Amino acid sequence: MSLPGKHRVPPEVSPSPSPASGRSRLKPALGGGNRNGTDEPARSVAPAGELWLAIHLPNYILESLWQSAAAASEAAAGADTGHVVVVDPGRGGKVVCACGVTATAAGVAPGMALNSALALLPDARVLARDSRRERTLLETVAMMALDFTPRVNLDPPDGVLLEVRGSLRLFGGVRPLCARVGERLRARGLAPRIALTPTRLASLWFARSGIEVVLRRPEALAGRLAALPLACTRWPERSLRSLATMGVRAVGDCLRLPRDGFTRRFELQMRLDLDRALGHAPDPRAAFVPGERFAARRDLEPELADTARLQRACEPLLDELCAFLQTRGASVESLELRFLHRDAPPTRLRLRFAEPVMAVVRIAALLRERLARAEWPEPVRSVRLRSGPLSEARAQAGDLFAPDRRRASAVPQLVERLRARLGDEAVHGLCLVPEHRPEAAWEKEEIGDILLFQKTGKGECPLFPLFPGQRPVWLLAEPQRLDGEEQPHYQGALELEEGPERIESGWWDGRDVRRDYYVARTPAGARVWIFRERRTPGGWFLHGVFG
Amino acid sequence: MNGAVSRQCEGLGPLSPIPHPLSPSSLDDLLRHPGLWRAREQGGAALQPGLPTGFASLDRCLPGAGWPLQGLVEILTDRNGIGELSLLMPVLARLCGGEHEDGWLAWISPPHQPYAPALAACGIDLRRVLVIRGQAAEWAMEQALRSGACSAVLGWAACRDRLSLRRLQLAAEQSRCLAVLFRRLRDGSEPSPAVLRIALDGDRDGLEVRILKSRGGHAMSVRLGWASFATRAIAQ
């Protein structure tokens, strides 16, 4: 973006504590065209109509610790959390970085030495801050945000941004939507600050300042932002201090400063932030992409060894998984369940589906088959569920006039059920291979591939000339040696009907053959496919049976 | 078997009302009586037309003029290779196309590997073939029948107990697909709920097809010469 005042004479940043707003100025101010008296109105580059809802979690450090600890013993937590004092183990663990309500009332504040805090509140519970949990908390909030809109950004460590323009109609307008988001978060025990404006940064700044505004018009932004203290921008401490010495304490003061002077004296980022907050500069951010896999665990109390009960114990995990898939519009092809025992190594169950699934009923049905087959060395004390890679869910569009499509959908389920009981290798399809050696002219084909080909219409059978001679319907896995030198015997003396058909060579993969094939008939009337080995030591072999 | 067979006995009560023993209306009343069981109407509905076997002489012997689509077909043979699959190939090829396009052919614990080039040469769409191996052949067959995914299910299973046979027969009746169970000749002496039981025996001249049991039809025997198989192969 071109700077409006780039080619002008660099003016001085006015050191006066309060630049007079009524004074006529020639220099362009940072506020751009949104302020009266400016000759160069800045063009708004924010995509028209975007509305950003910012969720700010002022107490995220404490909340991240409660989320895991308090879930187990909620009642105890209610009484306990007020006394909590959190320290950052990364910085020596001597400084308080967050504290509960009771602790605050007792005079404990973030930044205080731990010893001072303990002196003020002797029965404080000291906890260590956990950045991983903080991240998890933020992702949990973002996950919940995905229920409202698909466009979600994270603003670590404590902010989540939602673009809600497209969701307004569904949720009945701006205020009901904000209320819904707030309700959902409060139900999880969080204390969010929510603000909604046309730009990301403005929303964040309002939320951080604790001002829960709902602002839909971009023109009103500059006026409302002006009152915010600069602390909400989270600019570097040094810059904020030097701004403060100039008497610049609010965003509005900043906007009144001359643009190029501000750019020269402070970090480029700061000017960019101001532009972004006002919607004058684009603010691209990486979209929040939810985790690639699902993992969850459940501890069993008491330990279980009964299959039916284990199935029931796994069901909440499956429900969670399906909710997870639903949010992402995804499906899974495989799952892994690990059953932990007290001493024995964990039992692993892999569930593979013939096609990507997202329905809990199907997963549960397959799990039942697998659990029935599993053997338990010891009772199970804990179950862990981990999904395989996710794939995009494809909804099958119904067809009003087409005949019954039940069959097409029934095959994958049949294959899954069979595989669950008989093993993965037990079910396969067939395909042709352009090869002259009989045993190499076919291959097992994965059912999933066949289904995929059928859906996409690709994968026609390879076209190649059919063999001149007849081929038997049954092929023996290994040629079976027959008695007899000149006259082969199989269930009696064989009578040669057709042949010979010579099939030879295969030096390229080390399975060279030199054979003369015949169609022969046994005295009982069965037709068989035999060959005479032309390499030493020779002899007759049975290779197939005509069914 | 086309007459009415009365199962009336002391426990069933009188066949009333019968105004006149010989009036036609009384005969209709008589035939509607629930105590009467007519062999021809077994299974309730009228006989469903079957799938043409591809062998005219065999079609003539079967009540639905072809393989029955509702119920289990048992083929009893002790030897592989005497033509037990050649007998089915025409109907299997037909089940792969046309109105049966969506259906799969399930081969459940076959004695050897079904050879893809031969199946393709017979006109079977290989993308519809499902080969299933494993111990629980009866279970797998029942699953395949009940799934509704298949247009033909071929199973090779001993089926030692009558209960599993009965389950297969029920599953086959409810599915609209060709259900063929291959068993040994000696099993022919045991009773079976299958709708059609065929014993196969071959020699150097042709295939002897003995119909042991055929619901709605008669037990009879028909001989298919190897020539008829050969002409079929040429026609394709």
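Where in chain A is A:Pro537 found? A:Pro537 sits in the loop between strand E18 (527-533) and strand E19 of chain A. (Helices here are DSSP runs of H or I with at least four residues, strands are runs of E with at least two, and both are numbered from the N terminus.)

## Before we start

This is a predicted model, where local features need pLDDT of at least 70, side-chain atom pairs count only at pLDDT 80 or more, and totals for chains, interfaces and linings use all residues. Residues are numbered from 1 along each chain as its sequence is written, while chains are lettered from A and ligands numbered from 1 in the order in which they are written.

Most residues other than glycine have a negative phi, and most peptide bonds are trans.

Now for some places to look up in the model. The bond from A:Thr536 to A:Pro537 is cis, with omega near 5°. Another cis peptide bond links A:Pro156 to A:Pro157, with omega about 5°. A:Pro157 belongs to the loop between strand E5 (152-155) and strand E6 (159-163) of chain A.

Positive phi values turn up too. A:Arg234, a residue other than glycine, has a phi near 55°, and its place is the loop between helix H9 (221-225) and helix H10 (237-245) of chain A. In chain B, the phi of B:Ser109 is positive as well, near 35°; this serine lies in the loop between strand E4 (104-108) and strand E5 (113-114) of chain B.

Are these two residues buried or exposed? The test counts other C-beta atoms, placed from the backbone, within 10 Å of a residue's own: 20 or more means buried, 12 or fewer exposed, and anything in between partly exposed. A:Arg234 counts as partly exposed because it has 13 C-beta neighbours inside 10 Å. B:Ser109 counts as buried because it has 21.

## A closer look at A:Phe546

A:Phe546 is part of strand E19 (residues 540-546) of chain A. It is buried, because 24 other C-beta atoms lie within 10 Å. A:Leu475 is 71 residues away along the chain, yet the C-alpha atoms of A:Phe546 and A:Leu475 are separated by 8.7 Å.

Which residues does A:Phe546 contact, leaving aside neighbours within four places in sequence? They are A:Pro472, A:Val473, A:Arg527, A:Val528, A:Trp529 and B:Gly81. (Contact means that the C-beta atoms of two residues, placed from the backbone, lie within 7 Å.)

## Where the chains meet

The contact between the chains takes 45 residues from chain A and 39 from chain B. On the chain A side, helix H16 (406-422), strand E13 (427-432), helix H17 (447-456), strand E15 (474-482), E18 and E19 each supply at least two residues. H16(A) gives the most, with eleven residues. By class, this side of chain A has 30 nonpolar, eight polar and seven charged residues. (Ala, Val, Leu, Ile, Met, Phe, Trp, Tyr, Cys and Pro count as nonpolar, Asp, Glu, Lys and Arg as charged, and the others, Gly among them, as polar.)
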